[in-house]
Amino acid sequence: MKKSLNNFIAVLALLSLLALGSYSRRVRAQAPPQYPILDAVANKVVKKYQASSCEQLWIKKSQNAPPKPEEQQAIQLLHNDPQMRAAFINRVAAPITNKMFDCGMIP
């Protein structure tokens with residue numbers, strides 16, 4: 001379970017880094033819809049990154065395991081709903097990117 005959550009976090013971090021620039025401009029132009037479940041997941045992802053040491057993040061990154069079925073469903077949901085994806089990325093991108101920068105994972 002912990003490994004699958006770590007894989008999910010890694011995939012979402014990559015997605016957030018890739019999509020941050022293009023989606024943040026669009027979301028500012030319109031009010032984002034409310035997604036209570038997404039907010040809870042985003043908070044959990046952010047807390048996981050903030051609570052992890054740099055060493056733990058490097059280990060997770062090196063494991064490179066494929067996502068579990070429930071993680072794939074969540075990723076597919078984000079692929080299918082651009083507004084939800086933008087809301088999620090806007091919530092997690094800055095804290096995850098800052099932690100990855102602090103850990104030397106981003107040049």
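Leu38 lies in helix H2, where helices (H or I, at least four residues) and strands (E, at least two) are DSSP runs numbered from the N terminus. This is a predicted model, in which local features need pLDDT of at least 70 and side-chain atom pairs count only at pLDDT 80 or more, while totals for chains, interfaces and linings use all residues. Residues are numbered from 1 along each chain as its sequence is written, and side-chain values use heavy atoms, with hydrogens and water left out. The protein has 5 helices and 0 strands, in the order α-α-α-α-α from the N terminus.

**Overall features**

- Of the 107 residues in the protein, 35% are buried, where buried means under 20% relative accessible area, exposed over 50%, and partly exposed in between (1.4 Å probe, protein chains only).
- The accessible surface comes to about 6,800 Å², with 59% of it belonging to carbon and sulfur atoms; such areas come from the Shrake-Rupley method with a 1.4 Å probe, and for residues only the protein chains shown count as cover.
- Among contacts (heavy atoms within 4.5 Å) with a separation of 6 or more, 87% join residues 24 or more positions apart.

**Nonpolar core**

- The largest nonpolar core has 16 residues, and those with the most contacts inside it are Leu38, Val45, Tyr49, Phe88, Val92 and Ile96; a core of this kind is a set of buried Ala, Val, Leu, Ile, Met, Phe, Trp, Tyr and Cys residues joined through side-chain atoms within 4.5 Å.
- Helix H2 (36-51) and H5 are the elements that give two or more residues to this core, and H5 gives the most, with 6 residues.
- In soluble globular proteins, nonpolar side chains tend to be buried together.

**H2 against H5**

- H2 and H5 pack at an angle of about 10°, with their axes 9 Å apart; axes are lines fitted to C-alpha atoms, for helices over the stretch in contact, and angles run from 0 to 180 degrees between N-to-C directions.
- H2 is therefore roughly parallel to H5, given that angles under 35 degrees count as roughly parallel, over 145 as roughly antiparallel, 65 to 115 as roughly perpendicular and the rest as oblique.
- The contact of H2 with H5 has 13 nonpolar, 2 polar and 3 charged residues, with Ala, Val, Leu, Ile, Met, Phe, Trp, Tyr, Cys and Pro counted as nonpolar, Asp, Glu, Lys and Arg as charged, and the others, Gly among them, as polar.
- Leu38 is buried, with a relative accessible area of 9%, and, leaving aside neighbours within four places in sequence, Leu38 is in contact with Leu78, Met84, Ala87 and Phe88.

**H4 against H5**

- Helix H4 (residues 69-80) and helix H5 (residues 82-102) pack at an angle of about 110°, with their axes 5 Å apart, and are therefore roughly perpendicular to each other.
- Leu77, Leu78, His79 and Asn80 in H4 meet Pro82, Met84, Arg85 and Phe88 in H5, a contact that divides into 5 nonpolar, 2 polar and 1 charged residues.
- Met84, in helix H5, counts as buried at 13% relative accessibility, and touches Tyr35, Leu38, Leu77 and Leu78, not counting residues up to four places away in sequence.

**A positive phi in a loop**

- Asn64 is found in the loop between helix H3 (54-63) and H4, and counts as exposed at 69% relative accessibility.
- Phi of Asn64 is near 50°, a positive value in a residue other than glycine.
- Most residues other than glycine have a negative phi.
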